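Subject: A structure for you, with notes on its pockets and cavities

Hi there,

Here is the structure I promised to hand over. Have a look at it first, and then read my notes below.

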Amino acid sequence: MTELIKYTAAETAGAIAKGEVTAVEVAQAHLDRIDAVDKKVNAFLHVDHEGALAAARAVDAKRASGAELGPLAGVPLALKDVFTTRGMPTTCGSKILEGWVPPYDATLTKRLKDADVVILGKTNMDEFAMGSSTENSAYGPTGNPWDLTRIPGGSGGGSAAALAAFEAPLAIGTDTGGSIRQPGAVTGTVGVKPTYGSVSRYGLVAFSSSLDQGGPCARTVLDTALLHEAIAGYDPLDSTSIDAPVPAVVAAAKTRDVRGMRIGVVKEFAGEGYQAGVMQRFEESVELLRELGAEVVEVSCPSFTLAMPAYYLIAPSEASSNLARFDAMRYGLRVGDDGTRSAEQVTALTREAGFGAEVKRRIILGTYALSSGYYDAYYGSAQKVRTLISRDFDAAFAGVDVLVSPTTPTTAFPLGERADDPLAMYLADLCTIPSNLAGNAAMSLPCGLAPEDNLPVGLQIIAPAMADDRLYRVGGAVEAALNDKWGHALLEEAPAL
Ligand code: GLN
């Protein structure tokens with residue numbers, strides 16, 4: 001029975017559809033695994049034992065009735081605690097939302113339920129998705145299942161750790177500057193930031209609205225594609241939602257053929273700060289793509305070097321506006337409301353107690369950048385840089401189908417190492433941020449272990465907006481070739497928990 005937790009999502013759905021196993025057995029196996037290991041990993045903020053088993057029973061009843069099951073029916077999933085879930089707590093990793101139970105489901109949550117996916121619970125994250133290590137959670141850090149003393153990435157460290165610890169075969173993350181891809185890279189799992197606007201943000205608690213994008217996480221490229229198709233698509237409830245067909249990502253993941261594709265290596269993603277073993281595995285992946293029949297060229301995107309400062313003006317600016325809604329009147333925590341204080345005083349006391357240091361830092365930074373007199377110098381300049389970055393991508397994609405780079409400059413660093421050094425922490429997203437600023441699609445998938453520390457390295461693939469299928473075509477081919485070479489999937493090398 002424990003082997004059930006090792007199944008891919010595709011295998012699990014197939015076994016349930018054929019009646020080889022029940023959805024209840026699958027859900028129970030994962031709940032047992034969570035009970036056994038999550039005290040150590042801390043991937044989950046909330047586990048919904050009863051809700052998960054009830055959803056699984058409904059899938060079994062549906063099958064018994066002879067109804068056709070969808071491609072992910074009965075497959076368990078770990079949901080980042082930034083999507084609203086009706087009747088289930090949603091905290092965004094923050095004290096300020098402690099105890100808040102949303103009255104509605106996010107569109108993404110609703111789509112998962114409509115697809116008969118079994119939601120196991122909500123996963124840990126940096127507070128309001130601000131961070132790269134999950135250490136900014138108000139509920140304690142998550143450990144990396146490869147080495148519990150190291151970071152699982154962030155902000156979606158809980159979702160990635162749940163996959164790597166075999167607590168769930170599927171997970172959902174959000175990527176504002178890298179929070180799906182970077183945790184994927186450091187835990188040896190797959191994560192995709194879909195094209196901005198292709199997965200609804202309705203019910204996704206906003207950090208930086210022009211950058212935030214929900215997306216799929218799994219242990220294989222095909223499972224990620226199956227989840228991608230379940231959650232993507234037009235939503236009239238999100239004003240930035242793209243009204244166009246979702247690219248055929250599942251079919252692309254099965255192609256496993258990159259012959260004739262043109263692949264660009266981004267010159268700027270190398271050099272100082274990049275770990276030797278990360279670069280070694282990346283260069284081997286590029287060589288592999290060549291062997292598989294792709295044409296590899298070097299491309300230059302000079303504005304990418306300005307992506308980090310532009311992001312750290314735009315994201316905090318939008319955050320300072322979005323987080324103004326946490327005023328102690330509407331949701332969650334309220335401090336000092338004893339009849340002697342004004343509403344303004346209660347709001348101030350609540351924010352003081354409810355927001356952590358990084359969230360306060362960003363609100364102050366963003367408020368400053370948007371203030372009259374500084375707006376043009378900071379926010380306005382950052383928006384101009386954003387345009388330059390988009391132009392670099394356009395120029396690059398005129399000559400190549402996808403771009404590749406390491407996902408992160410280093411492997412998982414020790415918990416605590418960068419916790420007091422925000423600038424060092426921000427560097428973890430050096431390679432991922434340009435795609436958020438431009439709104440295109442990107443994937444991270446495992447490409448081996450760094451020889452110096454035996455920790456996972458991620459390969460990043462970037463595609464133009466609404467060409468998400470190219471990520472899966474390249475990712476599926478690389479994954480298949482690497483698994484052939486190693487004789488197994490990378491996670492099978494993970495030290496047992
Ligand atoms: N690490 C980046 C930040 O702190 C990205 C976070 C994210 O993608 N949510 O803002």
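Let me start with the lining of the largest pocket, which divides into 12 nonpolar, 4 polar and 7 charged residues. In these classes, Ala, Val, Leu, Ile, Met, Phe, Trp, Tyr, Cys and Pro count as nonpolar, Asp, Glu, Lys and Arg as charged, and the others, Gly among them, as polar. Please keep in mind that this is a predicted model: local features need pLDDT of at least 70, side-chain atom pairs count only at pLDDT 80 or more, and totals for chains, interfaces and linings use all residues. Residues are numbered from 1 along each chain as its sequence is written, and side-chain values use heavy atoms, with hydrogens and water left out.

What are pockets and cavities here? On a 1 Å grid over the protein atoms alone, a cavity is a set of points where a 1.4 Å probe fits but cannot get out, while a pocket is an open set with protein on both sides within 12 Å along at least five of seven lines; lining residues have an atom within 4 Å of a point. Grid points are joined across faces, edges and corners, and a volume is the space filled by probe spheres set on the points.

The largest pocket has a volume of about 490 Å³. Of its 23 lining residues, T8, R219, T220, N483 and A489 lie nearest its centre. Helix α16 gives the largest share of this lining, 5 residues (helices are DSSP runs of H or I, at least four residues, and strands runs of E, at least two, numbered from the N terminus).

Now for the cavities: the whole structure has 5 of 30 Å³ or more.

Which residues come nearest to the ligand? Of the 15 around it, they are G177, S179, Y311, R362 and D429 (near means a heavy atom within 4 Å). There are polar contacts too, meaning pairs of N or O atoms within 3.5 Å. A polar side-chain atom of D429 lies 2.5 Å from a nitrogen atom of the ligand, and an N or O atom in the side chain of S179 is 2.6 Å from a ligand oxygen atom. A backbone N or O atom of A129 is 2.8 Å from a nitrogen atom of the ligand.

Enjoy exploring!

Technical notes
A polar contact is a pair of N or O atoms within 3.5 Å; within protein, one must be able to donate a hydrogen and the other to accept it, and residues adjacent in sequence count only if both atoms are side-chain atoms.
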